[in-house]
Amino acid sequence: MIFQRLIWASLMAAVLVGSVQSGVQQWQAVPIIHAAEMYEGQKAEAPAAPVAALPHAHAEGVAPAHAHGAAEEWAPANGIERNAWTWVANVLHAFSMALLVFAVMGVCLWRGTAMRSLPLALLVAAAGWLSFHFWPSLGLHAEIPGMDAARLGSRQGWWVLAAGSAALACVSLAGLRGPWRWAAVAAWLALPFVVGAPHITADPLGGFSGEAQAQLRELGTQFIWATTWLSLSFWVSMGLVCGAAFQRWLRPVMKATFERAKPRASAGKAVNP
């Protein structure tokens, strides 16, 4: 019964939050992406390496700016098709995050928290924003189309490290006791920056002319702020929707289940001292 309620509550939250996310994207991020894509055709390709020396390699630490092969990868057409697939992706992302938020709130309830559902959901959402956006973005900013960057695998690995370290810092802050917990929090938060985020040494916009570079740098700054507002709107709406859904559909059932489990645990301890 809890599982069914969890899935339906997460799906409801995903549709609402994903729709909000899609609307904010159309307002904040999509115009910047379209403006940056207009300059991609002006990018000068780097000279190809000799085939005998490097049979199939890109510059060290730089993600390829072109695709090999005659066939192009499928992409949704601009307009309704692209917007529809964007909405589907946002809903699926929101569904996974709603499951995570509900799971963390359930653990807090199991540990005996007295917080009301809405403040608890907003607190969990704040931890999610810190872990999945703010802390990784300090090392790897959002990138507009056309920018060169470090290899995708290196960036993904560092992002996972930064997000995991921030999440463990939140767990340490909530679960540990004593003054040394602050040392644990600081150590977790510092770990990804001690390792260092992967960046290229060359100018990410070096393939563009001076005028195009200036325009793209301005668009890049706007895109960083747009993605920040986008992430904030996502996690605030996630906290509000999940708080209401948890209070209405999940908290009563979870609380009753946890209370029924307590006498069994006490009886087990009495039989096996």
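Glutamate 37 and arginine 82 join their side chains in a salt bridge, with N to O at 3.4 Å. The term salt bridge means a side-chain nitrogen of Lys or Arg within 4 Å of a carboxyl oxygen of Asp or Glu. This pair links distant parts of the chain: glutamate 37 is in helix α2 (residues 30–37), arginine 82 is in helix α3 (residues 80–110), and they are 45 residues apart. Helices (H or I, at least four residues) are DSSP runs, numbered from the N terminus.

This is a predicted model, in which local features need pLDDT of at least 70 and side-chain atom pairs count only at pLDDT 80 or more, while totals for chains, interfaces and linings use all residues. Residues are numbered from 1 along each chain as its sequence is written, and side-chain values use heavy atoms, with hydrogens and water left out.

**Salt bridges**

The structure holds 4 salt bridges. Three of them are listed here.

| Pair | Closest N and O atoms |
|---|---|
| Aspartate 148 and lysine 43 | 2.7 Å |
| Aspartate 203 and arginine 217 | 2.6 Å |

How open are these residues? Buried means under 20% relative accessible area, exposed means over 50%, and partly exposed lies in between (1.4 Å probe, protein chains only). Glutamate 37 is partly exposed at 30%. Arginine 82 is also partly exposed, at 25% relative accessibility.

Aspartate 148 forms a salt bridge with lysine 43. Aspartate 148 lies in the loop between α4 (117–139) and α5 (152–175), and lysine 43 lies in the loop between α2 and α3, so the pair ties together parts that are 105 residues apart in sequence. Both aspartate 148 and lysine 43 are buried.

Aspartate 203 forms a salt bridge with arginine 217. Aspartate 203 is in the loop between α6 (181–195) and α7 (210–271), while arginine 217 is in helix α7, 14 residues apart. Aspartate 203 is partly exposed at 31%. Arginine 217 is partly exposed at 39%.

**A buried arginine**

Arginine 251 is in helix α7. Arginine 251 is buried, yet has no salt bridge. The nearest side chain of opposite charge is glutamate 259, 9.4 Å away. For charge, Lys and Arg count as positive and Asp and Glu as negative; His and the chain ends are not counted.

What does the side chain of arginine 251 reach at 3.0 Å? It reaches the backbone oxygen of methionine 115. Leaving aside neighbours within four places in sequence, arginine 251 is in contact (heavy atoms within 4.5 Å) with residues including Leu109, Thr113 and Phe246.

**Aromatic pairs**

Rings of Phe, Tyr and Trp (its six-membered ring) pair if their centres lie within 6.5 Å; planes under 30 degrees apart count as stacked, over 60 as edge-to-face and the rest as tilted. By this rule the count comes to 8 aromatic pairs. Phenylalanine 102 and phenylalanine 246 are stacked, at 6.3 Å centre to centre and 20° between the planes. Phenylalanine 102 lies in helix α3 and phenylalanine 246 in helix α7, so the pair ties together parts that are 144 residues apart in sequence. Phenylalanine 102 is buried at 0% relative accessibility. Phenylalanine 246 is buried at 0% too.

Phenylalanine 132 and tryptophan 159 are stacked as well, at 6.2 Å centre to centre and 25° between the planes. Phenylalanine 132 is in helix α4 and tryptophan 159 in helix α5, 27 residues apart. Phenylalanine 132 is partly exposed at 31%, and tryptophan 159 is partly exposed at 35%. Ring pairs also link Trp129, Phe134, Trp135, Trp158 and Phe193 into a cluster.

Note on methods. Helices (H or I, at least four residues) and strands (E, at least two) are DSSP runs, numbered from the N terminus. A polar contact is a pair of N or O atoms within 3.5 Å; within protein, one must be able to donate a hydrogen and the other to accept it, and residues adjacent in sequence count only if both atoms are side-chain atoms.
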